[in-house]
Amino acid sequence: MTDIIIKLDYPIINGQGEEVTELHIRRAKAKDIRKMTGDTEAEQAISLLATLTGLVPEDIDELDLSDFTKAATEVQKMTGKSA
């Protein structure tokens with residue numbers, strides 16, 4: 001399985017103090033959907049994206065909205081939902 005790589009237009013510093021310049025998003029599995037948390041669609045998207053990238057939700061929270069939208073669009077393609 002090949003990861004989808006999203007180059008960030010606006011890099012972030014993760015919780016460990018490391019600069020993140022790109023996201024490596026692995027293919028989703030059914031078990032990843034079961035692990036999603038949150039009451040809103042946005043919270044669920046952040047939860048799933050964190051799982052698929054290996055980051056924590058707090059790191060995903062720091063993404064610029066344009067970078068988050070690019071990543072979320074790729075995840076939506078995987079899950080069969082429209083962007």
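The model is predicted. Its mean pLDDT is 92, and 95% of the residues in the chain reach 70 or more.

The largest nonpolar core comes next. In general, nonpolar side chains in soluble globular proteins tend to be buried together. Here the largest such core has 19 residues, and the members that touch the most others are Leu23, Ile25, Leu49, Ile60, Leu63, Phe68 and Val75. At least two residues of this core come from each of strand 1 (4–13), strand 2 (19–25), helix 2 (41–53) and helix 4 (65–79). Ile25 shows what such a position looks like in terms of contacts. With neighbours within four places in sequence left aside, Ile25 is in contact with Asp3, Ile4, Ile6, Leu49, Leu52, Thr53, Ala71, Val75 and Met78.

Helix 4 can be read in more detail. Helix 4 has 15 residues, and the distance from its first C-alpha to its last is 20 Å, close to the 21 Å expected at 1.5 Å a residue. Its buried residues are Asp67, Phe68, Ala71, Ala72, Glu74, Val75 and Met78. These residues lie on the same side of helix 4, because they cover an arc of only 155 degrees around the axis. The cover over the buried residues of helix 4 includes strand 1, strand 2, helix 2 and helix 3 (57–61). Leu65 and Lys77, on the other side of helix 4, are exposed. After helix 4 comes Gly80, with a positive phi near 85 degrees.

The remaining topic is charge. Side chains of opposite charge can pair when their charged atoms come close. How many salt bridges does the structure hold? There are four salt bridges. In one of them, Asp9 pairs with Lys70, and the closest N and O atoms are 3.2 Å apart. Because Asp9 lies in strand 1 and Lys70 in helix 4, this pair ties together parts that are 61 residues apart in sequence. Lys70 has 31% relative accessibility and therefore counts as partly exposed.

Lys70 also meets the side chain of Asp67 in a salt bridge, at 3.6 Å from N to O. Asp67 and Lys70 are three residues apart in helix 4, so about one helical turn separates them. Asp67 counts as buried because its relative accessibility is 0%. With neighbours within four places in sequence set aside, Asp67 is in contact with Lys7, Leu8, Asp9 and Tyr10.

Another salt bridge joins Lys77 and Glu74, whose closest N and O atoms are 3.2 Å apart. Both of these residues lie in helix 4, three residues apart, or about one turn of the helix. Lys77 is exposed, with a relative accessible area of 57%, whereas Glu74 is among the buried residues of helix 4. Through salt bridges that share partners, Asp9, Asp67 and Lys70 are joined into one network.

Methods. Residues are numbered from 1 along each chain as its sequence is written. This is a predicted model: local features need pLDDT of at least 70, side-chain atom pairs count only at pLDDT 80 or more; totals for chains, interfaces and linings use all residues. Side-chain values use heavy atoms; hydrogens and water are left out. A nonpolar core is a set of buried Ala, Val, Leu, Ile, Met, Phe, Trp, Tyr and Cys residues joined through side-chain atoms within 4.5 Å. Buried means under 20% relative accessible area, exposed over 50%, partly exposed in between (1.4 Å probe, protein chains only). Helices (H or I, at least four residues) and strands (E, at least two) are DSSP runs, numbered from the N terminus. Contact means heavy atoms within 4.5 Å. pLDDT is the predictor's confidence in each residue, from 0 to 100. The expected span of a helix is 1.5 Å times one less than its number of residues. The arc is that of the directions from the helix axis to the C-beta atoms.
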